[in-house]
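Here is a short briefing on charged side chains that pair up. Keep the structure open as you read.

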Amino acid sequence: MDSTQPTAPHHDNAGYRDDNDRPPSYNQSQGLYPTVPQWSPQPVVMTSTSVPEPVRRIEPKSNRKYVFCGLVAFALIVLVGGVLIWYFAFYQRGLSCESAIDLKASQWCDGVRDCMGGEDESNCLRLHGTDFVLQSFSATSHTWRPVCAERWRDDLGRASCKQIGYSSTEFVSSTQTVVGSLGTGGYSKLKLGFYQPGDQIHSHLRDSRTCNSNMVVSLRCIACGVSEMDPSTRIVGGTPADWNAWPWQVSLQYYGHHFCGGTIIGQYWILTAANCFQSELSNTSILRVDYGGVRLSWMFSSASVQRIIVHEDYNIEPQANDVALLRLRRPLTFTQDVRPACLPNVGVNLNPERNAWTTGWGTLSSEGVSPDELMQAEVTIYSRDRCNQRHILDQRVTETMICAGKLAGGVDSCQGDSGGPLVTKEGGVWWLVGDTSWGFGCALRNRPGVYGNVTYFSDWIHKQMQIVGPHRGSWGPAY
């Protein structure tokens, strides 16, 4: 490993970030959710903020009573005016479709497609926690509510998964689980009536204060996050990966040469980094995805790519929104060697200062040689505040990123690992928390690697899966 530290960023690595819950794309105090598609989602896994808000200067108190009263009156006028502006500008007017049509807040997730692109009805279902509890967004209360399991059926579960963005062939199960604290704000219950294939599931749900069974829907849309073998914990820089330990790892190749990593997240979908697709590296006809093995020279299978979808707000400097999706021409067949990692659910504990694993076929040192065998390394996920300390990454880690590694150095991702997974285990399954993005050199002291924040991108990812899924049309910036 290199012992010197570059004075300027050198993008050797090509991802990470931390939050607790996926918040809306606008002020949560307004009670408006889900995320409006045309805006970038807000951070979800981190509990701390990277840059403190500027503190307003407070003038000294006056000794004169009339000055104090005048200030109080002025403050009340400003407060009342602000409330009125918010009420008419946001609550009554609502938010805009991508087609610039203004909707009331009550029109989001009401089961009626008001936006031409359907974005007002696109993020109305989600999964919560390690129990994969199905939640529906209430158009009347503007809150997320667990779906009561009374009269629930598998065909409704399958349709819900399809609405979230998964293929119907990936569906695993629709079961029941104890509600716990999620039901304190009420439930979503099935209305009386008949469900027709193609209906929006949330249009068949109504708000309810109670669920008589106290059981809610647990939905497994895809058999994700399952590994046949836990990785070895003997880490000194990195070790060869065990067979079947990381069945979601793929190699992206042009003309048979590995250039980036990626992660299986669905039968049709690979998640990787946007920085992997610049200029000539955006030709789907010569791009292949190799998977199902740990040696580049002996991979079992290869898939062709139908479409490359790069995040529309990707910025090469400072590597903001470094995420991309590959839509495969044909679905993958899942086996013990080929399985998806889980996309983070809201409510899963992915807080910082926890261990995670990064894998890839990148070089073993900065500007070094690349291995034929998949390498694995255990790293620590750090809070954004810690990463942004002056002697570490000096405010370069934004909300679209997370950082992970070893502050003592010696363990890191490197060139050729870009786009590959950073995963952590919680509730018995492996969650994809980052895609390898960039760093200062490789494995240097106080220079942890930086990863794309997958939790931050969750809404964007599901939106692409919904719109560019099987038998759907094209949408969004792509190559």
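Glu426 and Arg354 meet through their side chains in a salt bridge, with N and O 2.8 Å apart. Glu426 lies in strand S19 and Arg354 in strand S16, so the pair ties together parts that are 72 residues apart in sequence. The model is predicted. Side chains of opposite charge can pair when their charged atoms come close.

**Burial of this pair**
- Glu426 is partly exposed, at 24% relative accessibility.
- Arg354 is buried, because its relative accessibility is 14% and the cut-off for buried is under 20%.

- The structure holds 7 salt bridges.

**Arg339 and Glu228**
- These two residues form a salt bridge, and their closest N and O atoms are 2.8 Å apart.
- Arg339 sits in the loop between strands S15 and S16, and Glu228 in the loop between strands S8 and S9, so the bridge links parts 111 residues apart in sequence.
- Arg339 is buried, with a relative accessible area of 18%.
- Glu228 is partly exposed, at 42%.

**Glu150 and Lys189**
- Glu150 pairs with Lys189 in a salt bridge, the closest N and O atoms being 3.6 Å apart.
- Glu150 is in the loop between strand S4 and helix H2, while Lys189 is in strand S6, so the pair ties together parts that are 39 residues apart in sequence.
- Glu150 counts as partly exposed at 24% relative accessibility.
- Lys189 counts as buried at 11%.

Key. Residues are numbered from 1 along each chain as its sequence is written. This is a predicted model: local features need pLDDT of at least 70, side-chain atom pairs count only at pLDDT 80 or more; totals for chains, interfaces and linings use all residues. Side-chain values use heavy atoms; hydrogens and water are left out. A salt bridge is a side-chain nitrogen of Lys or Arg within 4 Å of a carboxyl oxygen of Asp or Glu. Helices (H or I, at least four residues) and strands (E, at least two) are DSSP runs, numbered from the N terminus. Buried means under 20% relative accessible area, exposed over 50%, partly exposed in between (1.4 Å probe, protein chains only).
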